[in-house]
Amino acid sequence: MPFEDFLSYVKYEKRYSNHTLASYETDLNQFASFIDSMSKQMQNAGPRDIRLWIAGLSDNHAPSTVNRKLSTIKSFYKFLLKTERIKSNPAKDLTNLKAPQRTPQFIDEKELLHLFEQLPIADDFKSARNLLIFDLFYATGMRKSELIALKHTDLDESSKSVKVLGKGKKERKIPVDRFVFSKINKYLKFRNEQFPNEQFKILFVNDKGRKMDPKTVYNIINQILSSCWSTEKKSPHVLRHSFATHLLNKGADLNAIKELLGHSSLAATQVYTHNSIERSKEVHKQAH
């Protein structure tokens, strides 16, 4: 089957990330193995075959994972139909599993402000970098992959904004205040002292002067949040959720938050309205 053609299509025409491509390839290989075990070929699979595969997956995977894999299969068969390699799409009418809606975890604004007050003063390259990473996550709501990919040319101190390259290679500009830029400049000063002979294009580097990896960035945030927050999740995404929820609590327009987060649809942003409503209930309860 034309896995390579399909993967090239989503990489170069759809401009999906390497992470998404790897997920697509894994899903397709899993489905191909299932179809092969039934002595069939993928181009001859029918809706019932796909339903059987989905049913088997649902025994061991969360609905969100199953739905993601089904989305891969749908995209694949849509591509085969478009390129006239099949006459009908067997996945066309298949529906996603119902998944319980999860409320994004966020840190209460007072707790987060208290943490900022407790953070140590940055007095070397490592501490300046780690604190700036923490600041940027909360100040911009950007994703971990977006922060790692930041370049010097993405920073615009005159307009107080940061350019972010999001999913689907879509660019967006996020405003940041002068205090964040002062911390950026402080970090750059320490970095230049740490690596005087290096000319970096990327903003953040690890202790050896190389591009940061996702695990290191996660550990930095986890360590900082562990000092103040008892909840299990202590990831960069928690700061993204906090950024969005706090903006909504202060009356920010949902469409504006959608643009800042780089969401492709308003539905993805609307999950934060539940947090805001629950917070309003708490305030009302305390007042009465």
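Reader: Among contacts in the protein chain between residues at least 6 apart in sequence, what share joins residues at least 24 apart?
Author: In this predicted model, 56% of those contacts join residues at least 24 apart. A contact here requires heavy atoms within 4.5 Å.

Reader: How many residues does the protein chain have, and what share of them count as buried?
Author: The protein chain has 288 residues, and 41% of them count as buried. To be counted, a residue must have under 20% relative accessible area. The chain as a whole exposes about 17,100 Å², with 49% supplied by carbon and sulfur atoms. Its C-alpha trace spans about 65 × 60 × 30 Å along the principal axes, and its secondary structure consists of 13 helices and three strands.

Reader: At what angle do the axes of helix H6 and helix H8 cross, and within what distance do they come?
Author: The axes of H6 (residues 125-140) and H8 (residues 178-194) cross at roughly 150 degrees and come within 9 Å.

Reader: Why is H6 called roughly antiparallel to H8?
Author: Angles over 145 degrees count as roughly antiparallel. The crossing angle is roughly 150 degrees, and H6 is therefore roughly antiparallel to H8. The crossing is left-handed. On the H6 side the contact is made by Phe125, Ala128, Arg129, Leu132, Asp135, Leu136 and Ala139. On the H8 side it is made by Val180, Lys183, Ile184, Tyr187, Phe190, Arg191 and Gln194.

Reader: What makes up the contact of H6 with H8 by class?
Author: The contact has nine nonpolar, one polar and four charged residues. Tyr is counted as nonpolar in this scheme, while Asp, Lys and Arg are counted as charged.

Reader: How do you know that phenylalanine 181 counts as buried?
Author: Residues under 20% relative accessible area are buried. Phenylalanine 181 has 2% relative accessibility, and therefore counts as buried. This residue is found in helix H8. Beyond four places away in sequence, phenylalanine 181 touches Leu155, Asp156, Glu157, Lys160, Ser161 and Val176. Its C-alpha atom is separated by 9.4 Å from that of leucine 132, 49 residues apart along the chain.

Reader: Why does lysine 160 count as partly exposed?
Author: Partly exposed residues fall between the buried limit of 20% and the exposed limit of 50%. Lysine 160 has 28% relative accessibility, so it counts as partly exposed. It lies in the loop between strand S1 (155-156) and strand S2 (161-165).

Reader: Where is serine 39 placed?
Author: Serine 39 is in the loop between H2 and H3. Its phi is near 60 degrees, again a positive value in a residue other than glycine.

Reader: What makes serine 39 exposed?
Author: Exposed means over 50% relative accessible area. Serine 39 has 70%, and is therefore exposed.

Reader: Why is H2 called roughly perpendicular to H3?
Author: Helix H2 (residues 18-37) and helix H3 (residues 47-58) pack at an angle of about 110 degrees, with their axes 11 Å apart. The range from 65 to 115 degrees counts as roughly perpendicular, so H2 is roughly perpendicular to H3. The crossing of H2 and H3 is right-handed. Asp27, Gln30, Phe31, Phe34 and Ile35 of H2 make the contact with Asp49, Ile50, Leu52 and Trp53 of H3. These residues divide into six nonpolar, one polar and two charged.

Reader: How do you know that H1 is roughly perpendicular to H4?
Author: Helix H1 (residues 3-13) packs on helix H4 (residues 63-82) at an angle of about 100 degrees, with the axes 11 Å apart. That angle is in the range of 65 to 115 degrees, and H1 is therefore roughly perpendicular to H4. Phe3, Asp5, Phe6 and Tyr9 in H1 meet Thr72, Ser75, Phe76, Phe79 and Lys82 in H4. By class, this contact has five nonpolar, two polar and two charged residues.

Reader: What makes leucine 266 partly exposed?
Author: The relative accessible area of leucine 266 is 27%, so it is partly exposed. Leucine 266 is in helix H12 (residues 266-269) and touches Leu254, Asn255 and Lys258, residues up to four places away in sequence not being counted. The C-alpha atoms of leucine 266 and asparagine 255 are separated by 6.9 Å, the two residues being 11 apart along the chain.

Terms used. Residues numbered from 1 in each chain as written. Predicted model: local features only at pLDDT ≥ 70, side-chain atom pairs only at ≥ 80, totals over all residues. Heavy atoms only, no water. Axes fitted to C-alpha atoms, helices over the stretch in contact; angles between N-to-C directions. Helix = DSSP H or I, 4+ residues; strand = E, 2+ residues; numbered from the N terminus. Parallel < 35°, antiparallel > 145°, perpendicular 65-115°, else oblique. Left-handed = near helix turned anticlockwise from the far one by under 90°. Buried < 20%, exposed > 50% of the residue type's maximum accessible area, 1.4 Å probe, protein only. Areas by Shrake-Rupley, 256 points an atom, 1.4 Å probe, with all protein chains shown as cover.
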